[in-house]
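Please keep the sequence and the structure in view while reading.

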Amino acid sequence: MSHSYNKIWIHAIYSTKNRFPLINPAVEKQIHEHMREQLIENGCPVRIINGMPDHVHLLFLQNPKTAITDIIKQVKGNTSHWINEQNLIQDKFSWQTGYAAYSVSESQLERVFQYIKNQKEHHLKKTFTQEYDEFIVAHGLINEVQTQTK
C-alpha cells in the first residue's frame, strides 16, 4: 500500500490544579475556544470541547505526526499561560499534572459527542472523581477493587 491513512479520534480529560472549580461560566466559552484554536494549530480538528468548573473533555482527531502527550502538553501549557495573561480568573490558573486520553471508535463517536455535550446534566448525578474512576476501570487501566479501596 503506497498511502498511509490515519483517523484516530481522541477523548481527552483533564482537571484544574487540585480540582479547584476555577472555570466559571463567564469565561468558560473563551477558554474552550482558546483550547480549540490550540488544537487546530497542532493539526487536530476538534469535534467538541466542554466541561465543568474543575475539568474539561475534548474530542478531536489526533494529528498522526504528533504524539498525544505533545498535543496535550501544548494545549494545557498554552491555555494556562493565556488564562493568566488575560486575567480571566482571580487566582493563578494551572491544570493538574496528567490527563486521560482514550481512542474513540467511529461507531461510538456520536455517543461520546453527546456525553461531552451534556456534561452539566451528567454531573448532576455523578462527581468528577466517580466519572474518572469509571473511565479508568472501563478502559482496563485499573481494576474495580483497586478503585473502591482508594
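## Helix α2

At 1.5 Å a residue, the 19 residues of helix α2 (residues 68-86) should span 27 Å, and because the end C-alpha atoms of α2 are 27 Å apart, the two values agree; the expected span is 1.5 Å times one less than the number of residues. Helices here are DSSP runs of H or I with at least four residues, strands are runs of E with at least two, and both are numbered from the N terminus. The model is a predicted one, in which local features need pLDDT of at least 70 and side-chain atom pairs count only at pLDDT 80 or more, while totals for chains, interfaces and linings use all residues. Residues are numbered from 1 along each chain as its sequence is written, and side-chain values use heavy atoms, with hydrogens and water left out.

Which residues of α2 are buried? They are I68, I71, I72, V75, K76, T79, S80, W82 and I83, where buried means under 20% relative accessible area, exposed over 50%, and partly exposed in between, with a 1.4 Å probe and protein chains only. Seen down the axis of α2, these buried residues fall within an arc of 165°, so they line one face of the helix; the arc is that of the directions from the helix axis to the C-beta atoms. An α-helix has 3.6 residues a turn, so residues three or four places apart point the same way. On the other side of α2, K73, H81 and E85 are exposed. The cover over the buried residues of α2 includes β1 (9-15), α1 (25-41), β3 (55-61) and β4 (100-104). After α2 comes N87, whose phi is positive, near 55°.

## Helix α1

The 17 residues of α1 should span 24 Å at 1.5 Å a residue, and its end C-alpha atoms are 25 Å apart, which agrees. In α1, the residues V27, E28, I31, H32, H34, M35, Q38 and L39 are buried. These residues cover an arc of only 165° around the axis, which puts them on the same side of α1, whereas A26, K29, I40 and E41, on the other side, are exposed.

At the start of α1, a side-chain oxygen of N24 reaches to within 2.9 Å of the backbone nitrogen of A26. The helix α1 is followed by G43, whose phi is positive, near 75°.

## The loop residue T16

T16 sits in the loop between β1 and α1, and T16 counts as buried because its relative accessibility is 0%. A polar atom of the T16 side chain lies 2.5 Å from the backbone oxygen of F20.

Methods:
Contact means heavy atoms within 4.5 Å. A polar contact is a pair of N or O atoms within 3.5 Å; within protein, one must be able to donate a hydrogen and the other to accept it, and residues adjacent in sequence count only if both atoms are side-chain atoms.
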